[in-house]
Amino acid sequence: MENNTSEVKELLESEVFITQDALLNHWQGHRRITRRAIEAFPDDQFYTFSIGGMRTFAELIMEIMVLSGPGIHGILSGEWTYGDPPLNFTSTPPATKQEVLALWDKITEEINTIWPKIPVSRFHEMDAAFGQYDGPVYFTTLYIIDNEIHHRAQGYVYLRALGIEPPAFWDRS
């Protein structure tokens, strides 16, 4: 008879590819780069400029925040909501770039506060992220980071099209 149950094996530190703290530092490094890209974007183009029918950078940044704000809460607890009114995929960006940056910073601090409370075993649990994407929580976590990198890259194309050198993508400080 086949055993289909899975056990979570406690790993020695030497058996772990990346620690939870290292993954947080990796994610926050990307968030710092993305914040610098937002800052580099001209105020008068942030909400209007696009290429080839793609969304504006403000809309792309909003998607990143919609994933990361509710996402960190969902990663911890399975409750995929954030804010009052709650951020969701129909939320519009705040009215000014400064308000976007303030919300960005608020979410960044919440990620830093919530992350240490996440038990490592939670990353191996199955959950329906945002009520619709079934999979292990580690997959959702990596998706949130990947999504940010993807949309920041779109913003880099916009910045270059506007004649602006984007922040160095390797400088996560």
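Which residues form one aromatic cluster?

Modeller: Phe41, Phe46, Tyr47, Phe49, Phe57 and Tyr158 make up one aromatic cluster. The model is predicted, so local features need pLDDT of at least 70 and side-chain atom pairs pLDDT 80 or more, while totals for chains, interfaces and linings use all residues. Residues are numbered from 1 along each chain as its sequence is written, and side-chain values use heavy atoms, without hydrogens or water.

The whole structure holds 11 aromatic pairs (rings of Phe, Tyr and the six-membered ring of Trp with centres within 6.5 Å; planes under 30 degrees apart are stacked, over 60 edge-to-face, the rest tilted). Phe49 and Tyr158 have ring centres 5.5 Å apart and planes at 85°, so this pair is edge-to-face. The pair joins distant parts of the chain, 109 residues apart: Phe49 sits in the loop between H2 and H3, and Tyr158 in helix H5 (helices, of at least four residues, and strands, of at least two, are DSSP runs numbered from the N terminus). Phe49 and Tyr158 are both buried (under 20% relative accessible area, with a 1.4 Å probe and protein chains only; exposed is over 50%, partly exposed in between).

Trp80 and Phe130 form a tilted pair, with 5.1 Å from centre to centre and 45° between the planes. These two are 50 residues apart and again link distant parts of the chain: Trp80 is in the loop between H3 and H4, and Phe130 in the loop between strand E1 (126–129) and E2. Both Trp80 and Phe130 are buried.

Phe130 also belongs to the lining of the second largest pocket, together with Glu63, Leu67, Phe89, Ala129, Tyr133, Asp134, Phe139, Thr140, Tyr143 and Ile144 (on a 1 Å grid, a pocket is an open set of points where a 1.4 Å probe fits, with protein on both sides within 12 Å along at least five of seven lines; lining residues have an atom within 4 Å of a point). The pocket has about 170 Å³ of space (the space filled by probe spheres set on the points). Helix H3 (57–77), strand E2 (133–136) and helix H5 (137–161) each give at least two lining residues, and H5 gives the most, with four.

Helix H5 is also among the elements that cover the buried residues of H1, as are helix H2 (43–46), H3 and helix H4 (97–114) (contact is heavy atoms within 4.5 Å). Those buried residues of H1 include Leu23, Leu24, Trp27, Ile33 and Ile38.
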